[in-house]
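Please read it with the structure open.

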Amino acid sequence: MVFAGTSSGGGTSPGGRRPASTLVWVIPPAAMAFCAGLAVAVVPSGARAMVAWCGVAATLAVALAAAEAMRRGRLITTLRTRLAAQEAGFRQRLADQEAEIRRLTREVLPATVARLRRGAMVHEAMKDVDYAPNLDPDFDAAHEQLLRWVLDTVRTEEDLRDAAQRAFVNIARRVQAIVHQQAQDMREMEDKHGADPDVFEDLLHLDHGNALIGRLADSIAVLGGSRPGRQWQKEVPLFNVCRGAMSRILEYERVDLHSVADVAIVGPSVEPLIHALAELLDNATRYSPPKTRVHLTAIEVQSGVAIEIEDAGVGLSEEARRRTDAVLLQAATGFDLNDLGETPRLGLAVVGRLAVRYRFQISLRPSAYGGVRAVLVVPQDIICPTPAPGGAIARAAKLPPPKPIKRATPLPSPTRPGPVAQGRPGPGFRQNGAGLPQRRRRMPMTAPAPFRVDSAPPAASATPRDPARQPVQPGIWLDAFTKGLNGEPIPAADAATDAPDPRKSPSTPDSSSTPNTSDKDE
Amino acid sequence: MSEPGKPWDEGGPERLYTVSRGRAPQEPRHRPVELVSLIVARAEPEPGMAPEAAAVLRMCQFPLSVAEISAYLVLPVSTVTVLLAGLLRDDRVEVRAPVPAAVLPDPELLQAVMHGLQNL
């Protein structure tokens, strides 16, 4: 019992101060010695020697035990302190490593992967990575290995994706080339068969289908990170751009092209704009009832030209609007071909891409008609003044000059040459060929007379124009006249004398036909 | 990424069916204009019009046949026909029929005249 008490006392002592503990360990032997002395004094004298011996032995034993306990106590104390120090060290290291891993995931990895995506090689990307200085080399090595492995994987994936995109773009390019060739051929055929309405209509149908395929190919090219379709060398008037966009959607008949600002788009930006507009128009026609119209207008604003596409279809709920915005935004940050399957509104992704690349501002808002109003703002720097206000057709060099023609008032002129040209000369000439010289003379004479009268005043006003106008001005009859005219400036004097009688002789059919046409005119 | 082939020839980005706005060339009623019908403008071109229509109005101050209009505009006849049908509907142009063949004098009469002349 005493031992137990002492040992337990000794057990608690190391927690306290060291001198105290040594003192504490003196108590048990002292107490034993005191008890032994007491026992020696109390027991009868005969047993005193034995008791004394026993007492001494017991005291010695207790003292030994106390000494041993004290030694172990000290040992434990030192071990504990060492352990505590060690534990603190480990904790510190753990914290450091955790911090390092956190840094790896939050800073190092994104930075290096970004560098990799920008085209750096793996070792280049890893060169600038700094490791924590106070960590052991093993950890750093593992760290580096991990980084290298991740970067290698990313690199491989990137290469794979690049290759896939390139393949996509490559195929899209080939399709585009074929479609363009088809379109050209089709246009030639349309010109060739333009007079046959049935064939022409079928050709237009095919042409339309061809344009739709072309748009699809353009979309793939854009999603593959390339530019859409063909390059335009010259600027194209905005009106034609809008109509070009219309020609690439399925239901172009439903699009109403309203006022369009009189500007042109510079060549390199034409195709992207057409494509973006086509996608927006497609979106508008697709998500609105088939009977409703889609309105397309373009007005000049401070920052460029705002092209509005307004439909009367299903409106944009707040949630849908957020989703479309998200699609546009996602397209802005980068687009994964794997997401293709998940975005049913593929067009928006394409538009988003184009918008980022060519700095179009796009917003989709609820329209006053209940549908969607899409506004695409074309930046100022890709706009230029139109060389030909009113479109390419208006500037075509082949058009007859409008002004000089205007002078000849429309009403009288057709009555005069009309009957002669259309009614008479055909059979007249043929009969001449059959061998009637007089008739042949008569024809030219009636012909030049009105012609000269008509052209004389303009010739006086603007002589240099006269020869230029002659090939332009003539209608069919004048063409015939000039042919007939070839050899006969001489009879002009005779004509005055001869003219009356031949005119009089056929005057009955002539006069009968002249009033006819004039009646029709009015 | 390389652009395929040589620089494309310039043309318009729009296709013909948008020029004629999708209306089939032959409308249910009889075709009002023939290839040789003469077209005369009755109105001045307005700012909001399609360029083709405006061009037709400008050039038809003086009567032109449909075939000529088609040649000047470099558009197929069918497309021009549709354009003209639209303009006709709005009374911006009028059509003057070519002299119909029925007005031509009878060949027999001509022959008689010829013989008469020869007998002179």
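Predicted model: local features only at pLDDT ≥ 70, side-chain atom pairs only at ≥ 80, totals over all residues.

Two strands are taken to pair if DSSP finds at least two bridges between them.

**Overall makeup of chain A**

Chain A contains 21 helices and 8 strands, and 31% of its 522 residues count as buried. Among the contacts in chain A between residues at least 6 apart in sequence, 74% join residues at least 24 apart.

**The five-stranded sheet**

In chain A, 5 strands form an open sheet in the order E2-E4-E5-E7-E6, with mixed pairing. Strand E2 (255–260) and strand E6 (361–366) of chain A are the edge strands, each pairing on one side only, and the twist averages 15° from one strand to the next. E2(A) is joined by 4 bridges to strand E4 (residues 294–301) of chain A, and these two strands run parallel; A:Val255 stands opposite A:Val294 in E4(A). Helix H7 (residues 238–246) of chain A packs on this sheet, where it touches E2, E4 and strand E5 (304–310) of chain A, and the direction of H7 makes about 170° with that of E2(A).

**The three-stranded sheet**

Another open sheet in chain A is formed by 3 strands in the order E1-E3-E8, with antiparallel pairing. Strand E1 (236–237) and strand E8 (383–385) of chain A stand at the edges with a single partner strand each, so one side of each has no neighbour in the sheet. E1(A) and strand E3 (residues 263–265) of chain A pair in the antiparallel sense over 2 bridges, and A:Pro237 has A:Ala264 in E3(A) as its bridge partner.

| Strand pair | Sense | Bridges |
|---|---|---|
| E2(A) and E4(A) | parallel | 4 bridges |
| E1(A) and E3(A) | antiparallel | 2 bridges |

**Helices of chain A**

Helix H10 (residues 346–358) of chain A has 13 residues, which at 1.5 Å a residue should span 18 Å, and its end C-alpha atoms are 19 Å apart, in agreement with that expectation. The buried residues of H10(A) are A:Gly347, A:Leu348, A:Ala349, A:Val350, A:Val351, A:Gly352, A:Arg353, A:Leu354 and A:Ala355. Just after H10(A), A:Arg359 takes a positive phi of about 55°.

Leaving aside residues up to four places away in sequence, A:Thr59 touches A:Pro29, A:Met32, A:Ala33 and A:Ala36. A:Thr59 and A:Ala33 are 26 residues apart in sequence, while their C-alpha atoms are 5.4 Å apart in space.

**A helix pair in chain B**

Two packed helices are described by the angle between their axes and the distance between the axes. In chain B, helix H3 (residues 66–73) and helix H4 (residues 77–89) pack at an angle of about 110°, with their axes 9 Å apart, which makes H3(B) roughly perpendicular to H4(B). On the side of H3(B), B:Val66, B:Ala67, B:Ile69, B:Ser70 and B:Leu73 take part, and they meet B:Val77, B:Val80, B:Thr81 and B:Leu84 in H4(B). By class, this contact of H3(B) with H4(B) has 7 nonpolar, 2 polar and no charged residues.

Technical notes: Residues numbered from 1 in each chain as written. Chains lettered and ligands numbered in written order. Buried ≥ 20, exposed ≤ 12 C-beta atoms within 10 Å, placed from the backbone. Contact = placed C-beta atoms within 7 Å. Axes fitted to C-alpha atoms, helices over the stretch in contact; angles between N-to-C directions. Parallel < 35°, antiparallel > 145°, perpendicular 65-115°, else oblique. Nonpolar A, V, L, I, M, F, W, Y, C, P; charged D, E, K, R; others polar. Expected span 1.5 Å × (residues − 1).
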